[in-house]
Amino acid sequence: MNNQNAWLQFALYIAALLLITKPLGLYLMQVLDARGRTWLDPVAGPIERLTYRICGINPGIEQGWKGYALSMLGFSLVGMLFTYFILRFQDHLPLNPQAMAGLPPHLAFNTAASFITNTNWQSYGGESTMSYFSQMVGLAIHNFTSAATGIAIAAALVRGIARHSARTVGNFWVDVTRITYYALVPICVVFALFLVSQGMIQNFKPYTTARTFEPYTAQVQKTDAAGNPVSTADGKPVIVDQVVDTQTIPQGPMASQVAIKMLGTNGGGFVNTNAAHPFENPTPLSNFIQMLSIFAIPSALTYYLGRMVKNQRHGWAVWGAMFAMFAAGVLVAWHSEAAGNPIHQGMGVAAADGNMEGKEVRFGIFNSALFATITTDASCGAVNAMHDSFTPLGGLVPLFNIETGEVIFGGVGAGLYGMLVFVVLAVFIAGLMVGRTPEYLGKKIEAYDVKLVMLVLMALATTILGFTAWACVTAWGQAGLNNSGPHGFSEILYAYSSSVGNNGSAFAGLTAFPSDGNPHWDITLATAMLVGRFMMIVPLLALAGNLAGKKLIPASVGTFKVEGLTFAALLVGTVLLVGALTFLPALAMGPIVEHFLMRAGTLF
Amino acid sequence: VPDMNDLIYVAISVAFFAIAAAYVIFCGKVR
C-alpha cells in the first residue's frame, strides 16, 4: 500500500465524488418533481408530454403505495416477457451479423430476470451469445428502465418520509418517464461520446478476424467432415494438434451500452470480461470515470434526501455512514491484494507488488481493489478484475459488501432505499436503548413499520442462505463448481448473494450454464434475483405509504437527532451488526477459513 | 417457433408476479 500514486487516485476519486454530489442532487430534485423545471425542458418536455398522451397517463394524478407497487410490478412483468422473447428468437431478428442462435429457454429466462431486476448476472458470454439487436433492445433498454425504477422507488420512499398526513407517494409512470428522459438518457449520451473519445467502439460491423503475431499450437478434439467431435471406440476423444494463427475480435454498439451499464449500476458487460476488456475500458481515465459514474447517482440521492426532508445534515450523515464503510472496504481489499498470496511468494512466482492473478495489468492492484469495492458497494457488478482470483480476504470484501444489502452508496435508488431501511431500524434500536418511542424526522416508528423493515431484511437473508444451502447439498449445485473446499463454497455463496442483492458480479469459477444443459443454476439464480428485487421493494413501498400517512410530532429535547457523528456511527453499527449476525457463520466457512488455510499452505 | 418450454417459463414469470401482487395485499394487512 506504499504507493503514492494510488493514494492520490483515491483522494481524487473522493474529491470528484464530493464535487458532483450536490449539483446532481439538486438536479434530481427537479427531475423527481412532476412540476420540476430543468434546462432540458425545451427538448425533453415535448417528448415527455407525448409519452403521457400515448400511454394515457395523467401526470397530475398521484398513486397510493399499492397503486405505485402494482404499476411497478406490471411494468416489470411486461419488460421481462419482452426480453425473454427477443433473446429466444434473436436469430429471426435484425442486427445479427454473427448469426447468433436463439438462446435456450432457461438462459433466456435467467437473462430476462437478470436485466429487469437491475442485476445483470450473466450466465452467458456477450460476444459469443448475443446479437446486436439483443444487446441494444433486449438488454440495454432494461439498463435504463430498471435503473429508473430503482430511483423511482427511492423517490417514493423519500416522499413518504418527507410528507405527512398524505395518501400518495407519487406517480410511478411519471417518475420513470422523467428519470429516463431528463437524467439517464442525456447523461448517457455525453458519457458514451466520452467513452468513444477514449477508444471504445460503437459500430454494427461483423467481428474482425485478425492474424496473430505469434501463432501457437493447441490440442483440440478432432472433428469429422460434418463438424461432429470424433472419439475412439472406448469413448475417449481423439486429440489432434491445431495451429492457431487467427483471432476473432468482437465489434458492436459498445459505448452506448457501457455508459448506462455504469451510470445505472447495472453492470452487465457487452463482452464476457466486462471492464477488463480493452474495448470496454480503454484507458485509465475511462476506468476512473466509469468508477465515478457508478457512485454518481447514489451519492447525489443522499443530497436529494436531505433536501426533501429539509434536513441537509441528515443527508450528509447518511452519506458519511456510506463513505466510512466504503473507505474501510477499499483499504481492506487493497491491503489484502497488495500483501498477495504467501504460497505464491514462497514459490517465487508472485508479482512483486502483490496478487496479480486475475487482474488486468493496465489497472494493477489498487485500481482492481477500488473497482471491486465500488462495484459491490453499489449493485453494479461490472468488474475490471476477476473477484474469484482475489486473496480470500480480498474476496471477502466484495462478498460482504453485497451482503450488507448494498447500502454503501448502493445501486441507483436501491442503495438509498436500502439504507433508509437501516435508518428506520437504527432509530428503532436507539429508541429502545433510551426507553423512548422511536421517532424518525418527527414521525413515530411503530410496530407495523418495524415489521415491514424486517420483511425487507428477511427476504435478503433467507433467500441467500436458503439457496446456498440447497446448492451445497445437491449434485447440480456442486457440478457448477471449478474449485473445491471453502473456495467452492464461496463461489456458491457469492452467486446467490450477488443474485439476491441484484449485483450481478460473480466469483467466476462458477459455471451457471453447464455443458450438459442442466437448468438448475439458471432457474434458481433467476428466482433469487426476482425475490431479491421485488419481495424487498413491496414491503418498502408499504413502509413509504405508512410513513406518508403519519402526523408530524413537534421536535422536543428528547427527540433523537438523525444527523452528526453519533447517528452516522449508529447507522454504520446497525448495518454491520445485521450483516455480521446474518452472514458471519457462512463467511466463516468460506473466505475466512480459506484465509487461515492459505496461511497454513493450502490452496483450493 | 415457441415450444412447451417457452410456455413453462412464461407461466413461471406470470406466476411470480402474481405472487408479488398478492404480497402487496399481504404487506397492507400485516399490521
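Arg178(A) and Glu48(A) meet in a salt bridge, their closest N and O atoms lying 3.2 Å apart; the term denotes a side-chain nitrogen of Lys or Arg within 4 Å of a carboxyl oxygen of Asp or Glu. Because Arg178(A) belongs to helix 7 (residues 172-197) of chain A and Glu48(A) to helix 2 of chain A, the pair ties together parts that are 130 residues apart in sequence. Helices are DSSP runs (H or I, at least four residues), numbered from the N terminus. Arg178(A) and Glu48(A) are buried, a class that means under 20% relative accessible area with a 1.4 Å probe and protein chains only.

This is a predicted model, in which local features need pLDDT of at least 70, side-chain atom pairs count only at pLDDT 80 or more, and totals for chains, interfaces and linings use all residues. Residues are numbered from 1 along each chain as its sequence is written, chains are lettered from A in the order in which they are written, and side-chain values use heavy atoms, with hydrogens and water left out.

Over all chains, the structure holds 13 salt bridges, including the following.

| Salt bridge | Closest N to O distance |
|---|---|
| Lys261(A) and Glu280(A) | 2.6 Å |
| Asp6(B) and Arg88(A) | 2.5 Å |

Asp175(A) and Arg159(A) are both buried. Lys261(A) counts as buried at 0% relative accessibility, and Glu280(A) is likewise buried at 0%.

Turning to the interface, 22 residues of chain B and 31 residues of chain A take part in the contact (heavy atoms within 4.5 Å). The buried area is about 2300 Å², with 79% given by carbon and sulfur atoms; this is the accessible area (1.4 Å probe) that the two parts lose on being put together, summed over both. On the side of chain B, Tyr9(B), Phe17(B) and Val24(B) lose the most area to chain A, together 30% of what that side buries. Between chain B and chain A there are 2 salt bridges.

Gln63(A) is placed in the loop between helix 2 (41-55) and helix 3 (65-88) of chain A. This residue is buried, with a relative accessible area of 14%.

Helix 14 (residues 414-434) of chain A has 21 residues. Of these 21 residues, 16 are buried, so helix 14 of chain A is largely enclosed by the rest of the structure. Gly435(A), with a positive phi near 75°, follows helix 14 of chain A.

Methods
Helices (H or I, at least four residues) and strands (E, at least two) are DSSP runs, numbered from the N terminus. The expected span of a helix is 1.5 Å times one less than its number of residues. Buried means under 20% relative accessible area, exposed over 50%, partly exposed in between (1.4 Å probe, protein chains only).
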